[in-house]
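This briefing covers one protein chain, shown below with its sequence. Points are grouped by topic.

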Amino acid sequence: MTERAGRVAQTVGIKDVARLAGVSVGTVSNVLNRPEKVSEHTRVRVRAVIDQLGFVRSETARQLRVGTSRILAILVLDMANPFFVAVAKGAERAAREAGLGVMLCNSAGSTAEEAEYLALFAEQRVRGVLLTPADTTGGNVRDFARRGIPFVHVDRAVPAAEGCSVSVDDVAGGALAVRHLLAAGHRSVTYISGPMSLPQCRDRRTGALAALREAGLPEEALRQVESARLDVASGIDAGARLLGLADRPTAVFCANDLLALGVLQAMYGAGVDVPGDVSIVGYDDIEFAAAAVVPLTSVRQPAAAMGRAAAEMLMDETGPDAERHTHRSVVLQPELVVRSSTRRLGR
């Protein structure tokens, strides 16, 4: 935009558009907000004037006038994880279909950054927030709830009395992973987890232990290596620790695919055959899982469906029928996707 055009865009108002188009201010407002109420001929004429003048609608002014924002905020735990990218894409598609925009932010697992973003959302008076909490104490969420802005927990189950949530049954997912390894003949499994303060990591371990009990094996058959982060670098570090063990495991279950890809990289670099010497199962089934040097067996989470469902719940809570909205806790089911990183022991 040229300097002159920039000045024009800042000074032109809706009254100028109405005057040049020969219509009322209300008609211009309808073209912008309720185009179905205006004839096609009038819409074309008003739109042509808007383009000619370089008029830009003030969202702040519109929000003050009608009392609602057209922006949904999404605050994810880690944008470096493709799983959360897929969640955000699902939410964005649903929002765009409803004529809403999105503001995507990343807490990077920091409770302080999460608090800052939630304060920003309150200042901007967004329509609502999709949130995967970084603060496991719930303090940030409780503070934000006092602002009166609706929000939905994503990838985190909460009782319906505390608000809406969309999650995946991670206990079932952990059980799927370990049942698969036990069916392949393994009698002990090493669980590579992220921080156990995260409920997802705890639930996946709970499911793994349940699968061992089903098979008549003691809980001691599940060894655990806890990582500080759920990323590839942490997986490489965990893999190096496994390589240093005298009784190296034959089966590894990782709390997410990034950890699993890191473990796979460590094994591959050390000349350890996957799955000949060790079978590896990940979690999430991100796009890179199938493209790994050894395609990764993984527990698939319906990430995009999770994001869409959460956005639809939030729009229901903030839409014209908001008074009839009731909080729900939706739990989606995972599925196991078997690839080349696992096979029957001894084959």
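Leaving aside its neighbours within four places in sequence, which residues is L182 in contact with? They are R187, A211, L212, A215 and L217. The model is a predicted one. Its chain has 14 helices and 12 strands, and 49% of the 347 residues count as buried.

**Overall layout**

- Taken along the principal axes, the C-alpha atoms fill a box of roughly 85 × 45 × 35 Å.
- Of the contacts between residues at least 6 apart in sequence, 72% join residues at least 24 apart.

**Nonpolar cores**

- The largest nonpolar core has 70 residues.
- The residues with the most contacts inside this core are L130, V178, I192, L212, F253, C254 and I280.
- V178 touches V189, A208, A211, L212 and F253, when residues up to four places away in sequence are not counted.

**Helix α2 and its partners**

- Two packed helices are described by the angle between their axes and by the distance between those axes.
- Helix α2 (residues 14–21) packs against helix α4 (residues 40–53) at an angle of about 125°, and the two axes are 9 Å apart.
- The pair α2 and α4 is therefore oblique, and the crossing is right-handed.
- On the α2 side of this contact are D16, V17, L20 and A21, which meet R45, V46, V49, I50, Q52 and L53 in α4.
- By type, the residues of the contact of α2 with α4 are 7 nonpolar, 1 polar and 2 charged.
- Helix α3 (residues 25–33) also meets α2: the axes come within 8 Å and cross at roughly 105°.
- This angle makes α2 roughly perpendicular to α3.
- The α2 residues in contact with α3 are I14, K15, V17 and A18, and the α3 residues are V25, V28, S29 and L32.
- The contact of α2 with α3 divides into 6 nonpolar residues, 1 polar and 1 charged.

- L182 lies in helix α9 (residues 170–183).
- With a relative accessible area of 7%, L182 is buried.
- One of its contacts is A211; L182 and A211 are 29 residues apart in sequence and 8.4 Å apart in space, C-alpha to C-alpha.
- R204 is part of helix α10 (residues 199–214).
- R204 counts as buried because its relative accessibility is 5%, under the 20% cut-off.
- Not counting residues up to four places away in sequence, R204 touches D170, G174, Y191, F253, A255, Y283, D284 and Q301.

**Strand β9**

- V281 is found in strand β9 (residues 279–284).
- The relative accessible area of V281 is 0%, so V281 is buried.
- What does V281 touch, not counting residues up to four places away in sequence? The contacts of V281 are A177, H180, L181, V252, F253, C254, A260, T297, S298 and T342.
- V281 and D257 are 24 residues apart in sequence, and their C-alpha atoms are 8.1 Å apart in space.
- F253 is touched by V178, by R204 and by V281.

**Backbone details in loops**

- A cis peptide bond runs from V274 to P275, with omega near 15°.
- P275 has its place in the loop between α12 (257–269) and β9.
- R125 is not a glycine, yet its phi is positive, near 55°.
- The loop between α7 (111–124) and β3 (128–131) holds R125.
- R125 has a relative accessible area of 41% and is therefore partly exposed.
- D155 also has a positive phi, of about 60°, although D155 is not a glycine.
- D155 lies in the loop between β4 (151–154) and β5 (164–168).
- Is D155 buried or exposed? At 5% relative accessibility, D155 counts as buried.

Conventions: Residues numbered from 1 in each chain as written. Predicted model: local features only at pLDDT ≥ 70, side-chain atom pairs only at ≥ 80, totals over all residues. Heavy atoms only, no water. Axes fitted to C-alpha atoms, helices over the stretch in contact; angles between N-to-C directions. Helix = DSSP H or I, 4+ residues; strand = E, 2+ residues; numbered from the N terminus. Parallel < 35°, antiparallel > 145°, perpendicular 65-115°, else oblique. Left-handed = near helix turned anticlockwise from the far one by under 90°. Contact = heavy atoms within 4.5 Å. Nonpolar A, V, L, I, M, F, W, Y, C, P; charged D, E, K, R; others polar. Core = buried A, V, L, I, M, F, W, Y, C linked by side-chain atoms within 4.5 Å. Buried < 20%, exposed > 50% of the residue type's maximum accessible area, 1.4 Å probe, protein only.
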